[in-house]
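Please work through the exercises below with the sequence and the structure open beside the text.

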Amino acid sequence: MEMTIPMAASSTRTQTRTRWGILAVLFIITTLNYADRATISIAGSDIKTALGLTPVQMGYIFSAFAWSYVIAQLPGGWLLDRFGSKITYFFGIFLWSIFTLFQGGVGFLTGGLAVAALFALRLLVGIAEAPSFPGNSRITSAWFPKHERGLAAAIFNSAQYFATVLFAPIMGWLVHSYGWQSVFYVMGALGIVLAFVWLKTIYGPREHPRISASEFQYIKDGGGLVDLDAGGAVRATPQVDTWECIKELLGNRMLLGVYIGQYCITTLTYFFLTWFPVYLVQERGMSILKAGFIASLPAICGFLGGIVGGWVSDRLARRGYSLSVSRKVPIVIGMLMSMSMIACNYIATDMLVVAVMSLAFFGKGVGALGWAVVADTSPKEAGGLSGSLFNTFGNTAGITTPIVIGYIVQGTGSFAAALVFVGANAALAIACYLFIVGEIKRVTLRKALLAPAGAVAA
């Protein structure tokens with residue numbers, strides 16, 4: 001029997017915009033998420049000096065987050081599908097903030113013990129953050145109709161750029177004024193507060209106390225999965241055989257192309273998250289304070305690009321173009337713009353380099369529609385698992401990119417080949433969407449479905 005909307009909600013005649021309030025909370029939390037990832041890069045030059053690290057060692061520390069983040073994706077997706085987005089995500093925010101705060105304490109250690117502790121804490125941050133983006137995808141799938149989902153996904157995804165815009169100057173100032181440890185103390189404490197804000201503001205469409213009946217119906221009629229988390233922690237909906245489901249998802253050519261494409265796109269993300277401030281300091285001779293402010297300029301463009309990409313995609317969908325066209329066009333155009341970063345190898349003027357990097361970051365934002373594609377294509381019974389598999393592929397780039405660039409910089413003494421490496425991944429992302437993905441549509445599981453939880457066998 002279908003659940004009813006709460007009385008307070010159903011009595012409201014006009015259509016509310018509660019879904020945009022939910023999206024605002026996702027944006028704020030995702031901004032924190034990426035700011036906490038970026039703490040290590042902003043503090044990187046000072047940490048490198050304080051602990052006497054080589055570029056290769058720094059590459060491994062930069063990658064530590066991604067090792068555990070990738071490994072924890074599938075368990076994180078299972079937790080989301082099993083216990084719902086709200087409670088799983090809350091524990092994720094709280095724990096990653098605690099581990100971020102603890103990183104400041106590494107400054108009291110010395111030598112190999114300090115390096116090991118920093119590496120271990122970055123691993124723990126990665127585990128705790130694992131459910132975050134699959135959780136974002138599940139929540140937008142529940143709260144937004146298909147024709148608004150591209151913009152919704154672009155908005156929460158663009159928080160990664162806004163994190164740099166807002167926090168890179170602040171963190172650069174903290175490092176300059178109070179030492180590198182202060183960055184971790186401030187960001188960790190902020191995250192603990194926001195974890196409890198999350199707990200008080202996030203609900204599913206059926207449970208939200210301020211949603212109107214008309215908004216609920218609008219979301220449902222537009223393809224929103226309004227019952228995704230309805231009914232408590234364990235829901236009487238079809239469950240899946242986890243490993244059989246993974247095999248089905250990986251055996252789908254469309255999804256495999258999307259997953260590989262996300263790996264390539266995320267290579268660009270991790271260049272900007274990890275090595276870009278170091279590039280500005282070492283290759284371009286900027287101070288850490290200046291680099292913190294300069295790094296925010298391309299990020300502003302990335303943020304704007306993310307909004308533009310989502311808006312263009314949804315605009316095309318509204319005008320009757322298929323999901324294949326409306327999602328692929330911004331992705332291909334965006335990745336073409338991202339390849340422009342290779343031109344920085346031939347430019348001497350710092351401000352022109354910043355302009356080109358800003359164009360590349362804008363393009364990366366335009367093309368970062370992978371989460372919208374996941375929301376469009378994931379089986380409704382396994383949205384968390386599908387999103388986690390997608391994020392596993394994508395964030396494998398968080399392991400490989402910092403390490404590969406570390407070896408390139410140490411071996412060549414410059415970032416020239418590193419920029420070519422990053423640009424080449426943008427080209428590979430284009431190839432995936434043009435030649436592998438094919439038609440974008442929702443996948444229906446065939447073999448992985450089990451009986452609903454609590455059902456009695458016939």
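Predicted model: local features only at pLDDT ≥ 70, side-chain atom pairs only at ≥ 80, totals over all residues.

Residues are numbered from 1 along each chain as its sequence is written, and side-chain values use heavy atoms, with hydrogens and water left out.

**Exercise 1. The chain as a whole**

Task: State how many helices and strands the chain has, and what percentage of its residues is buried.

Solution: Begin with the secondary structure, which comes to 20 helices and 2 strands; here helices (H or I, at least four residues) and strands (E, at least two) are DSSP runs, numbered from the N terminus. Next, take burial, where buried means under 20% relative accessible area, exposed over 50%, and partly exposed in between, with a 1.4 Å probe and protein chains only. Of the 458 residues in the chain, 57% are buried. Finally, turn to contacts, meaning heavy atoms within 4.5 Å: among those in the chain between residues at least 6 apart in sequence, 85% join residues at least 24 apart.

**Exercise 2. The buried face of α5**

Task: Find which residues of helix α5 are buried, and explain why they line one face of the helix.

Solution: Helix α5 spans residues 73–83, and its buried residues are Gln 73, Gly 76, Gly 77, Leu 80 and Asp 81. Seen down the axis of α5, these buried residues fall within an arc of 135 degrees, so they line one face of the helix; the arc is that of the directions from the helix axis to the C-beta atoms. As background, an α-helix has 3.6 residues a turn, so residues three or four places apart point the same way. The next step is to ask what the buried residues of α5 pack against, and the elements are α4 (55–71), α6 (85–103), α8 (132–143) and α19 (383–412). Just after α5, Gly 84 takes a positive phi of about 90 degrees.

**Exercise 3. The largest cavity**

Task: Describe the volume of the largest cavity and the residues that line it.

Solution: On a 1 Å grid over the protein atoms alone, a cavity is a set of points where a 1.4 Å probe fits but cannot get out, and lining residues have an atom within 4 Å of a point. A search of the whole structure finds 6 cavities of 30 Å³ or more, and the largest has a volume of about 130 Å³. Its lining is made of 17 residues, of which Tyr 34, Asn 157, Gln 262, Thr 266 and Trp 371 lie nearest the centre. The elements that give two or more residues to this lining are α2 (18–42), α9 (146–178), α13 (253–282), α18 (370–377) and α19, and α13 gives the most, with 4 residues.

**Exercise 4. The covered helix α18**

Task: Work out how many residues of α18 are buried, and which residues Asp 376 touches.

Solution: Helix α18 is mostly covered, with 8 of its 8 residues buried, among them Gly 370, Trp 371 and Asp 376. The cover over the buried residues of α18 includes α8, α9, α13, α16 (323–338), α19 and α20 (416–435). Asp 376 itself counts as buried because its relative accessibility is 3%. Leaving out residues up to four places away in sequence, Asp 376 touches Arg 149, Leu 323, Arg 327, Ile 440, Lys 441 and Arg 442.

Terms used:
1 Å grid on protein atoms, 1.4 Å probe; cavity = no way out; pocket = protein on both sides within 12 Å on 5 of 7 lines; lining within 4 Å. Points joined across faces, edges and corners; volume = space filled by probe spheres on them.
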